[in-house]
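Biologist: Please show me the structure, and then I will ask about it piece by piece.

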Amino acid sequence: MSSPRIGVFVCHCGLNIERTVDTLSVSETLRQYSGVAFVSDYDYMCSDPGQQLVSDAIREHRLTGVVIAACSPAMHEPTFRRAADDAGLNPYLVEMANIREHCSWVHLDRSEATAKAVKIIKTMVEKVRGNHPLDPVRIDHVDKCLVIGAGITGIQAALDVADAGFEVLLVEKEASIGGHMAQLSETFPTLDCSQCILTPKMVEASRHPNIELMTYSEVLNVSGYVGNYTVKIRKNPTYVDPDKCNLCGDCEKVCPQSVPSEFERGLVDRKAIYIPFQQAVPSTYTLDERSCLGLHPLRCSECAKVCEPGAINFDMQPTILEEEVAAIIVATGYDMYPIVNLGEYGGGDVANVIDGLQFERMLSASGPTGGQVRRPSDGRVPKRVVFVQCAGSRDPENHNAYCSKICCMYTAKHALLYRHAVADSEAVVFYIDVRAGGKGYEEFVQNATEHEKIRYLRGKVAKIYQQDDKVMVWGVDTLSGKKVEIEADLVVLAMSMDPHPSTRALTKTLKISCGGEGFLKEAHPKLRPVESLTAGIYVAGAGQGPKDIPESVAQGSGAASKAIALLTQDKLSHSPETVSIDEEICGGCGVCVGMCPYTALSLTVSGVAECNEVLCEGCGTCVSACPTGAAQLKNLTDFQLREMIEVALSDG
Amino acid sequence: MDKTNAAFEPRIVAFLCRWCSYAGADLAGVSRLTYPANIVPMRVNCSGRVDTEMVLTALEKGADGVLIGGCHPGDCHYVSGNYKTRRRVVLLKQALSEVGIDPRRVHLEWISASEGIKFQSTMTSYTELIRELGPTPVRQRKEPVHG
């Protein structure tokens, strides 16, 4: 093999790198380094002329490998590998030396940062020296997409993928699809009735020929890889045959067991056999086994006795379904931060302190009060309501540190709808500041403050407690500097949004990550907002971070378009940086076989290990365990790592 | 001894798994969280790729400390690679003590992609620890080779 001719391209990244790393001196040092045939530095290597510079140098200097000393490979590795490919150099001979995120941005001393940058680049030159040209592994894929969560985000994603002609499996944990949007009264800033715009989509999703709906179901296990995931889903028994149930409601009338209704946020009770809400999809009753007296004809069976079509079946069992899917869209959504965590605001303690979703149910025409605002304690119409924004948000010491983004808007909407619903009413809003970024949002809030006579008080509420029949709100108006004490009939807390409690467990099942707050983590906060770091798994909606309906819908569509882009490919590419086995030195001990989490390794009849490169994800755990060194990770062999370590520790 | 330590700049290599710790280091960068420049990071797909031989190679070639960063237990992108690393590191540390090398010279830390601050604090405290431990007893003192 002829001697290597490696090109090193040092990016200034404007001043991002140049400010702390002396790129000129780095270039000079690298020019002297063995195997380096060409060095260049440039303001923005990722720009068109920058990429051109790389391509031209590859051709002109017949480069056998390239190191781009710039930002994180998570950022531009694909960019430069593509540029190299265009110039005729195998993309796997291109590596990024991360001298921005890992160097210039985290060090202050220019000489130290420059010395470290040189070391980082040299380690990558050593890696490239040992790299071999590789071709992506081509794999077949199935034509189905799994969508987890059927709130508005999941429904939108499922509809988009289904409309593109691909099969969708839409899985929802609850008895009905629709998510939190089904609970809302009217939506800001247009005041459309939430159910009116949501239910047609719910029906469309349930009737779409390409969508298979699985409600009351949970994803148990996911294995496989992009294009060929195997998912195991458990459909929990509803004990009601949806095909036979005719929604007469007789069962509900005779059921002796009442529990607080989840859909109505505990404002009223539901029976153990129930329909979550009238427009529920699928349109059928569900028998909640946790609240039922015992699913046994001898214990109760009142519902079964009166069910004329005989839809109730106490012997229904959970069913486990195994499906092959190419892509997975995770749209698990949010839940309200628990109101009981806000003891200082009487949360869970004072009956007339409620959360925003409870107030939505009160305002909703289909809600327990038929759209009338009533106090939970005595059913009276409240004449003065205090709305408290940032309840549980923006409070790093005690609650969530982040802004829940939608509360400013829905509080303005709540106050406005309340003023419309109750004559001679008074609405007071406590706010830290009003964040109304969005089309028509600021105008909506302005209208609420100017024309609807809603009193906005800037300041934080210190304490809320019960006094006789009233709810006392203590706070400070920070604009006037005065203490404020308000006697309210009802207090509505604009609670913070939490990721849905099921999110963390699901991310472990899917092997994707969630951030410190528990929201789904995206591959890149700006440029890859709907992708996870795992190929073929996408994230969307409020499970990824607090967001309103239009943003959730946009993300649902965004994730769907990513999934469609994958599904329309004839074959998928799989990284060729997999494990290879040197049969000459493999002793056939089989240690590697037990190490592999993907069953990619096996022993052949001739007694040596063999790697199925389609299954191999390239983790390299087997390489570390192989006693002879027969198992090697392509383009990160033991030899390469040793060379990299040596240069990282060298003086020069 | 004090003088030596004051002038002593630890040489540390860090093996960072691509999905968690390397991304955590990226986040530290994006967040401009500063830490000492003594550590040269190396990206591996999984902490499970870091075999004991590689750690020994680093020590043999003069590393004052070796840091391994992986995903938190249960979060490994490759299912269970981090558990295997954890076992390997426990055994390796025992072996190091037996040959008279302070086992703290090898350190395993779980740093997730969202823990930029933890990455910063780990790099800072580990560099300080190695500074206190002083130069590795393994490194053979040689004149620096130039060129």
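Modeller: What follows is a set of questions and answers on cavities, cysteines and backbone details.

Biologist: How are residues, chains and ligands numbered or lettered, and which pLDDT limits apply to this predicted model?

Modeller: Residues are numbered from 1 along each chain as its sequence is written, chains are lettered from A and ligands numbered from 1 in the order in which they are written, and side-chain values use heavy atoms, leaving out hydrogens and water. This is a predicted model, in which totals for chains, interfaces and linings use all residues, side-chain atom pairs count only at pLDDT 80 or more, and local features need pLDDT of at least 70.

Biologist: How much space lies in the largest cavity?

Modeller: A cavity is a set of points, on a 1 Å grid over the protein atoms alone, where a 1.4 Å probe fits but cannot get out. Points are joined across faces, edges and corners, and a volume is the space filled by probe spheres set on them. The search of the whole structure finds eight cavities of 30 Å³ or more. The largest holds about 300 Å³.

Biologist: Which residues lie nearest the centre of the largest cavity?

Modeller: Lining residues have an atom within 4 Å of a point. By class, the lining has 11 nonpolar, five polar and eight charged residues; Ala, Val, Leu, Ile, Met, Phe, Trp, Tyr, Cys and Pro count as nonpolar, Asp, Glu, Lys and Arg as charged, and the others, Gly among them, as polar. Of the 24 lining residues, those nearest the centre are A:Glu95, A:Met124, A:Lys127, A:Leu636 and B:Arg43.

Biologist: Which handedness does the disulfide of A:Cys193 and A:Cys196 have?

Modeller: A disulfide is a pair of cysteine sulfur atoms within 2.5 Å, and the sulfur atoms of A:Cys193 and A:Cys196 are 2.3 Å apart. The torsion about their S-S bond is about 85 degrees, so the disulfide is right-handed.

Biologist: How many residues apart are B:Cys20 and B:Cys71?

Modeller: B:Cys20 and B:Cys71 form a disulfide with sulfur atoms 2.4 Å apart, and the torsion about the S-S bond is about 100 degrees, so this disulfide is right-handed. Helices (H or I, at least four residues) and strands (E, at least two) are DSSP runs, numbered from the N terminus. In chain B, B:Cys20 is in the loop between strand E1 (12-17) and helix H2 (21-30), and B:Cys71 is in the loop between strand E3 (65-70) and helix H4 (81-98). The pair links distant parts of the chain, 51 residues apart.

Biologist: Is A:Cys403 buried or partly exposed?

Modeller: The sulfur of A:Cys403 is 6.3 Å from the closest cysteine sulfur, in A:Cys408, too far for a bond. Buried means under 20% relative accessible area, exposed over 50%, and partly exposed in between (1.4 Å probe, protein chains only). With a relative accessible area of 29%, A:Cys403 is partly exposed.

Biologist: What is omega for the cis peptide bond that joins A:Phe188 and A:Pro189?

Modeller: A:Pro189 lies in the loop between strand E8 (186-187) and strand E9 (192-193) of chain A. For the cis bond that joins A:Phe188 to A:Pro189, omega is about -10 degrees.

Biologist: What is phi of A:Tyr216 near?

Modeller: A:Tyr216 lies in the loop between strand E10 (211-214) and strand E11 (217-225) of chain A, and at 12% relative accessibility A:Tyr216 counts as buried. Its phi is a positive value in a residue other than glycine, near 55 degrees.

Methods. 1 Å grid on protein atoms, 1.4 Å probe; cavity = no way out; pocket = protein on both sides within 12 Å on 5 of 7 lines; lining within 4 Å.
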